[in-house]
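Opening the notebook on this one. I jot things down as I look them up.

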Amino acid sequence: MTRLLIVDDDQYIREGLKRLINWEELNVTHLSEAEGAYEALELMEANRSHIVLTDIRMPKGDGLHLIEQIRLRNWKTSIVVLSGYNEYAYVRQAMKYQVEDYLLKPIDASELTQIIASCTERFQGQYIEEQMQRESFLLLKNNILLRWAQNRIQYDQLRDKLKFLQLPLLMNERYQICIIDWHDRQESELTQSEEQYRSFAILNSVEEALQESGRGIAFLNEHRQIIVLFTDESQQDADCFSAGNNSWMADLSERYRAILKTPWSNYFGKVTCLPNKLHESYEEALAQCSSQPVGDNHGEISVISQNPITRQVERYVQEHYSEELSLQLLSIQFNVNNVYLGRLFKKETGQFFNDYINRVRLDHAKKMLAVTPLKASEIATAVGFLDPNYFFRKFKQVHGISPSDYRLAISGAES
């Protein structure tokens, strides 16, 4: 939906421009008009236009003033100048402000159509790019916060990444985790679209409430449960902090459970004063809701080993699949010889270790292809593949189709 503003002191020219071409075909859905720069700036302040089509010489604020003010405000507006044959000096001056183009009066319809089409295409491209950047940023934020809660990130890395994300979370006095689970043990298996709806509907509601209250931040874990990280900058004691969080969550769940028409259960971990102990609060909350069925388990890879060492390795891979993994690293982690570990893993699971890692990563990639708009190459990086081309080859080898074809098949099945 592109908004366009026509600025000209001549009413007949404004009316003529509105009728000159088919604006809807160019995806221009809102046309407004102004007699000069002063009125145009007022309209832009209230409802910013994506494209401005402006005359140069006008008694109620000339076009050069309008263009200069738009650029001083750093508005990402496309500007097209209207000029007469004797106004080239003004046009040259306007070009200094990065205008898209200029049109000589009387305006040629085909020329105007081409210029506006170019502007709208560029605007749509910028919008899509901004949306994709936002999705990538949100994925990074979620990944960092989850790794913190699960004690899978070094403190110095956490500090640097939170600084990059502009999240001042490490200077608080107290922290507490609450896990929101949206499953009902009496329900049959949910569809993927229903799971996605419940998860993101609750997450959006909680994020909005947290922003208003300033109580903390929310993110998702691998089961799409919502994790609420409560923070406290004051000097209140742990019991008061916890009681306030419990009361706040009880009110929130009571208010939104009926609106969203979804189950909503809150499980709290203990209060901690140290950022590097946050995982203890998360683990306690997770233990409290462990008796609830985790509805996202269908299709996941289960632990199949009987040997305690390889069972730990399987669990570790499933929790840390997005990180660098190798037999060498895990042999150090579990204090065993890497050659012995590789043979033991093959004997117990029937799979080579690298094949198992790929299987886990591809399983998570399938889920992300189904529920996120991220590019396949971005998903490859998110699940731990360093080389997107290798990811594409392994995905097609295991599943018989490319990641993009898989996404199309899933979307077609749900529509």
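**Surface patch**

I started on the outside: Phe137, Leu140 and Phe164 make up a nonpolar surface patch with about 290 Å² of accessible area together. Patches take residues with over 30% relative accessible area and no salt bridge, nonpolar side chains (Val, Leu, Ile, Met, Phe, Trp, Tyr) being joined within 5 Å and like charges within 9 Å. Areas are Shrake-Rupley with a 1.4 Å probe, only the protein chains shown counting as cover; a salt bridge is a Lys or Arg side-chain nitrogen within 4 Å of an Asp or Glu carboxyl oxygen.

Housekeeping: this is a predicted model, with local features needing pLDDT of at least 70 and side-chain atom pairs pLDDT 80 or more, while totals for chains, interfaces and linings use all residues. Residues are numbered from 1 along each chain, and side-chain values use heavy atoms, without hydrogens and water.

**Two residues**

Phe164 sits in helix 6 (residues 155-164); helices (H or I, at least four residues) and strands (E, at least two) are DSSP runs numbered from the N terminus. Phe164 counts as exposed because its relative accessibility is 58% (exposed is over 50%, buried under 20%, partly exposed in between).

Next I checked Lys367, in helix 13 (residues 353-371). Lys367 is buried, at 14% relative accessible area. Its C-alpha is 9.3 Å from that of Gln192, 175 residues away in sequence.

I found five strands in an open parallel sheet, ordered 2-1-3-4-5; strands pair if DSSP finds at least two bridges between them. Strand 2 (28-34) and strand 5 (101-104) are the edges. Four bridges link strand 4 (residues 78-83) with strand 5, and Ser83 has Leu104 as a bridge partner.

Methods
Buried < 20%, exposed > 50% of the residue type's maximum accessible area, 1.4 Å probe, protein only.
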